[in-house]
Amino acid sequence: GMFVVTDERGLWEESSTNFIHVAHKRVEMPTRFEPRQRGICHRLDSHTSGVQIFGKSWAAFKHFVGQNSSHRVHKEYIALIDGRLGGEDGPFSGVIDVPMKKIQDFARREFGSVACTKEGTGLPAVTRYTVLRHYRVPAAGRLACWGQDRWFTLVQLRILTGRTHQIRLHMAF
């Protein structure tokens, strides 16, 4: 998997552990000096693995950024989530359509997104899901500290919009 650091220092830090720096060392890209994204056509959240697209030319960069921003890129994920999505009887597939609104509180240094429940607030955020499998993990041995068995769900997700932290928030909703 790959991890993309999204703060300005990380985008420009010359380090053998900085994926962006290593990619620019290995492949000649005129977009590497692009001031906001260094040629990256989209971002991955932290603790997320997946394909990272770079524009090797300005034309390719503009094309892929345009495709992504107009929601023409289909993004699918496999996630292991805490809990039993759909319960025992389902539904085992569905659509989560909960608008999201970015929160920026400079005084408290809090930035991110929050799911909105009021109509007319936030931006559309839509996720389709299909449960692939449920796992029950017994609270035994090293996991006895849980006090009770826990359920986890392997789920396939397709985001129809691309909001920051959309999968995390929709899976918690």
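How many bridges join β1 to β6, and in which direction do the two strands run? In this predicted model, local features need pLDDT of at least 70 and side-chain atom pairs count only at pLDDT 80 or more, whereas totals for chains, interfaces and linings use all residues. Residues are numbered from 1 along each chain as its sequence is written, and side-chain values use heavy atoms, with hydrogens and water left out.

β1 and β6 are joined by 8 bridges and run antiparallel; helices (H or I, at least four residues) and strands (E, at least two) are DSSP runs numbered from the N terminus, and two strands pair if DSSP finds at least two bridges between them. Within this pair, Tyr77 stands opposite Leu157 in β6. The open sheet comprises 4 strands in the order β1-β6-β5-β2, with antiparallel pairing. β1 and β2 (93-97) are the edge strands, each pairing on one side only.

The largest nonpolar core consists of 10 residues: Ala79, Ile81, Leu85, Ile96, Val98, Tyr129, Val131, Val155, Leu157 and Met171. Such a core is a set of buried Ala, Val, Leu, Ile, Met, Phe, Trp, Tyr and Cys residues joined through side-chain atoms within 4.5 Å, where buried means under 20% relative accessible area (1.4 Å probe, protein chains only). At least two residues of this core come from each of β1 (75-82), β5 (126-137) and β6 (150-159). Met171 touches Ile81, Leu85, Ile96, Val155 and Leu157 (heavy atoms within 4.5 Å), residues up to four places away in sequence not being counted.

Just after α3, His71 takes a positive phi of about 60°.

Methods:
Buried < 20%, exposed > 50% of the residue type's maximum accessible area, 1.4 Å probe, protein only.
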